[in-house]
Protein chains: 2
Amino acid sequence: MAPNVPALYELHFAVPMAGATLSALNVSLDEHALTIILHRLRPKIIFVDSEFAHLVSKVIDNKNNTHLQENHYDHKPLLPLLVAIHDVSPDHRTQCDLEVPEYEQTLATGESDFQAVSPADECDPISVNFTSGSTGTPKAVAYSHRAAYLNSLGLILRYDMGKSPVFLWTVDMFRCNGWCFTWAMAALGGINVCIRNMSAKIIFDSIQLHKVTHLCGKPNILNMIAESPPVDQKPLPSVVVGIIAGTFPTTRVLERVQELGFNIVQGYGMTEALGPALIRPWRSWQHHHEDNHDDHNLKYREGLHNITLEAADVKDPTTMQSVPSDGETFGEVMLRGNTLMAGYFGNPEATREAFSGGWFRTGDIGVRHVDGCIEMKDRARDAIVLGKELISTLDIEAVLLSHPKVAEAAVVAQNDVVAGQVPCAFVKLKKGKCSNSGEIIKFCEEQLQKTAMIPKSVWFGDLPTNSTGKVQKSVLRESVNAIGKHCP
Amino acid sequence: MAPNVPALYELHFAVPMAGATLSALNVSLDEHALTIILHRLRPKIIFVDSEFAHLVSKVIDNKNNTHLQENHYDHKPLLPLLVAIHDVSPDHRTQCDLEVPEYEQTLATGESDFQAVSPADECDPISVNFTSGSTGTPKAVAYSHRAAYLNSLGLILRYDMGKSPVFLWTVDMFRCNGWCFTWAMAALGGINVCIRNMSAKIIFDSIQLHKVTHLCGKPNILNMIAESPPVDQKPLPSVVVGIIAGTFPTTRVLERVQELGFNIVQGYGMTEALGPALIRPWRSWQHHHEDNHDDHNLKYREGLHNITLEAADVKDPTTMQSVPSDGETFGEVMLRGNTLMAGYFGNPEATREAFSGGWFRTGDIGVRHVDGCIEMKDRARDAIVLGKELISTLDIEAVLLSHPKVAEAAVVAQNDVVAGQVPCAFVKLKKGKCSNSGEIIKFCEEQLQKTAMIPKSVWFGDLPTNSTGKVQKSVLRESVNAIGKHCP
């Protein structure tokens, strides 16, 4: 349990090479979530950054957790060895007063000629990662050595990492093992630049100091860069490739970061796919852009799958037939191949369900284009159901985001006695801007072809997000449907 | 059986996708060798370039081959379907008058919605390739789908192929499936430039016309380029990476091709390793060169193994212990990993022997350096045995090649009643140069530290080579030892 410190990177190798399984934990877990996860994993050793040592110690020592009993978790006491990692970087030293072994001192007692333990079977787990929990309780996802290895190679090939990349750690290593870039960078013999905390200033300073070539992470990194004060911005030594997965940023943000010297590649993935599985390379995006294609339509087109993934398709989830490549027919995005999770840790039933029909069910709605690209339309649970038709909330959000006053937007399905479901918009305005429902709805009427896509109501304010920065649409959906039709 | 025509490239995909196993045959096989190989393989279909159709037809129709009977081969008649490939390139059209189906017409009758057959097991064979036979009868080497796939990825990574490589086919596709670049290029979506015959003019013209980025093959390609008349040489649109495996060319040739715009990467491999398994990247070579290290010593240092190969080591073949990394202690170069052959086709005994001790025995002598590099010293059977000591004939050849009058050189062990074995040199002089044994031996005395390394006799003339251009040291060894000590 540590932020992106060098020790966590080292443990991505040390733990598997000792024949054990690694689980890098989210440092923003609260006591309750950490209790559940530790009782689920029952680790033998916990390496913990000193900043979080007291929290971990408290969870371990809590002998009587009623929540665990209620949820039928194994509540036998946890007896792991605790090892504290002290951050020694000048700008953020961490220490702790617990009487536990310290990481570097522990290392110094090791055998220098220790022979790494190879897995007995390449399908044995190398790590367990937890989903972000945007769809309920975080799920424990087991990665095999084989999947991690092949996915790492796939990343290198897809992102054309070159021979001597310098990688800035702006994606959390506890997120799909840093999207497998932990292992990919070692395979390349590249340089890892670990940063504990992230800010635009730290990003620019690190790029200039270490001649960074690649970074990746959530779209908020781009917002951070685009909106940084000019005093923090430094000229880049050379083009920096940024690989971004999640809701894609606005054209304005993209253009700004491009001006600053970044090339942005869009990824689509999930914990179960070990990170990004589909990507759209920068050139193709730029090319489309230059051709003056409709930018809204391209924004969510995810391109082709990693070369090491066997297949990605959009299928009718009942018949398992591929939808036609017409750019219109909705289906479920499904993945198949060696680079997917081995399964949900200790949950064969959920694993069977996730792979039913021989394909990993992403739960995302998409269409197929003639050029082979898959375009994401929505999360299945987020789409608006209108009789037999599905309406993509992402398509409506793309229009809202193109409004000059709108900073963020989320659209959810609101139950309606007549139509079944209608779109309801939540909007965060840019600083210093003011608007009202009428103005936003009128704009949508001008931009959207289908009447059914025009939001019936608009709410203004901050959007709720989870620990990874994803907008929690379930929260919005619940709130709007609890209120009923009394929208402003 | 075809030279590097587009059809042969296509068949690298079509045959495995039909659920069959591919064997690309050397077009320089004579009737006798082809008879042995076809009775060994017993193919269902033979796709043959029209130039070789009569030869293949003759071998198939020969019902009474006494050689086969003598060697206990299955001499039941071969009944393959013959399909003729007609080369339609303007500079070399091939036709044949046999009444057999034509390739393109046969393709046109195919099902456009044919579903590719996946292998039942990834360890099933995708292809069978024959060794060059420098160590006796060509051996049939089976490649698995898994090995071919991983080795293709390994090549891309090791040679930093970039996203849009343009590959000039100067390596034969029947040689380790074009060192697996057939599949690697498809994985990258690169461009294949197929050439039927090779000359410096064709190489330069192709590079300029198609903006070639990569080529690979035998060292004689570099000689061909370096010695080409200026009228055939064209300025390269950008640096072309050349990957060369086999006896390394002289510094003079390397410097000349570098001046012409090529970056040369050295590879070391064999049919059983699916092509190059160890390589030394250009930068490292250049770097050493600039540091004014001894070029002779560096010439045969092969660097590190492909990332997809599990391990390469230099071991005592009896104890299986790694030799010390001192750059001096001889051992056998051994390889281990997923990217090696599945085994010798139909010969489990030879397979067991090749992998005895869990490592693939290359039969090459090498040393390990402190920097992790392996340096090749000699073929085990070529080295000179002096009591308990081995002398590398390559080390002596490197000195001979540095003599200003020497074009080619080969050193073999000559039996000696006193010393056991002594070095005997065979030298081909450059055009218009003349020399004698005394001059060459004196040069060696000045350059070589150990007296035992100085050739006791020197022969002048052309060196015998096999179909891949390798000097046949066994022929030289036999001839010199048949003559006894009556060397000039």
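Reader: Which residue just after helix 6 of chain A takes a positive phi?
Author: Asp160(A), at about 45°. This is a predicted model: local features need pLDDT of at least 70, side-chain atom pairs count only at pLDDT 80 or more, and totals for chains, interfaces and linings use all residues. Residues are numbered from 1 along each chain as its sequence is written, chains are lettered from A in the order in which they are written, and side-chain values use heavy atoms, without hydrogens and water.

Reader: How many residues has helix 6 of chain A?
Author: It has 14, residues 145-158. Helices here are DSSP runs (H or I, at least four residues), numbered from the N terminus.

Reader: Is helix 6 of chain A mostly covered or mostly open?
Author: Mostly covered: 12 of its 14 residues are buried. Buried means under 20% relative accessible area (1.4 Å probe, protein chains only). Among them are His145(A), Arg146(A) and Leu157(A).

Reader: What covers them?
Author: The cover includes helix 1 (6-17) and helix 8 (181-188) of chain A, plus helix 6 (145-158) of chain B.

Reader: Switching to the interface. How many residues does the contact take from each chain?
Author: 15 from chain A and 15 from chain B. Contact means heavy atoms within 4.5 Å.

Reader: Which element gives the most to chain A's side?
Author: Helix 6 of chain A, with seven residues touching chain B.

Definitions and conventions:
Helices (H or I, at least four residues) and strands (E, at least two) are DSSP runs, numbered from the N terminus. The expected span of a helix is 1.5 Å times one less than its number of residues. Buried means under 20% relative accessible area, exposed over 50%, partly exposed in between (1.4 Å probe, protein chains only).
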